[in-house]
Amino acid sequence: TSEIIKSIVQESSLILDVGANIGQTFFEYKSINPNAVIISLEANPQCEEALKQAGANYKNQLLLVNTQR
């Protein structure tokens, strides 16, 4: 992650993750800013399920939206 992105993530309370896949960006951004709420959009149902399971401990900070519904 570039220094510019890290700086933006550190200052953000709400982050939109479009094309969340299985959560690589979600977990990277949570490590930079644990207090940020991240809205993750993912169209692939298998990836959505993997992210849902991986992010189970972040229920109040992860809003997962499947764009195929």
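Ser12 is located in the loop that joins α1 (3–11) to β1. In this predicted model, the relative accessible area of Ser12 is 19%. Because burial requires a value under 20%, Ser12 counts as buried.

Leaving aside residues up to four places away in sequence, Ser12 is in contact with Asn33 and Ala36. Ala36 is also one of the members of the largest nonpolar core.

## Overall architecture

The protein contains 3 helices and 3 strands. Read from the N terminus, these elements follow the order α-β-α-β-α-β. The radius of gyration is 11 Å, close to the 11 Å given by the globule rule for 69 residues, so the protein is as compact as a globular protein of that length.

Along the principal axes, the C-alpha atoms occupy a box of roughly 35 × 20 × 15 Å. Considering contacts between residues at least 6 apart in sequence, 47% connect residues at least 24 apart.

## Strand β1 and Leu16

Strand β1 spans residues 14–18 and includes Leu16. The relative accessibility of Leu16 is 55%; since the threshold for exposure is over 50%, this residue counts as exposed.

Beyond residues up to four places away in sequence, Leu16 makes contact with Ile39 and Leu41.

## The nonpolar core

Which residues make up the largest nonpolar core? It consists of 7 residues: Val9, Ile15, Phe26, Tyr29, Ala36, Ile38 and Leu62. In soluble globular proteins, nonpolar side chains tend to be buried together.

Leu62 has contacts with Phe26, Ile38, Ser40, Leu51 and Gly55, when residues up to four places away in sequence are not counted. Phe26 and Ile38 are, like Leu62, members of the largest nonpolar core.

## Surface and charge

Of the 69 residues, 29% count as buried. The accessible surface of the protein amounts to about 4,500 Å², and carbon and sulfur atoms contribute 52% of this area.

The side chains include 5 positive and 7 negative ones. The centres of these two sets are 8 Å apart.

Notes: Residues numbered from 1 in each chain as written. Predicted model: local features only at pLDDT ≥ 70, side-chain atom pairs only at ≥ 80, totals over all residues. Heavy atoms only, no water. Helix = DSSP H or I, 4+ residues; strand = E, 2+ residues; numbered from the N terminus. Rg over C-alpha atoms; globule rule 2.2 N^0.38 Å. Buried < 20%, exposed > 50% of the residue type's maximum accessible area, 1.4 Å probe, protein only. Contact = heavy atoms within 4.5 Å. Areas by Shrake-Rupley, 256 points an atom, 1.4 Å probe, with all protein chains shown as cover. Lys, Arg positive; Asp, Glu negative; His and termini not counted. Charge placed at Lys NZ, Arg CZ, Asp CG, Glu CD. Core = buried A, V, L, I, M, F, W, Y, C linked by side-chain atoms within 4.5 Å.
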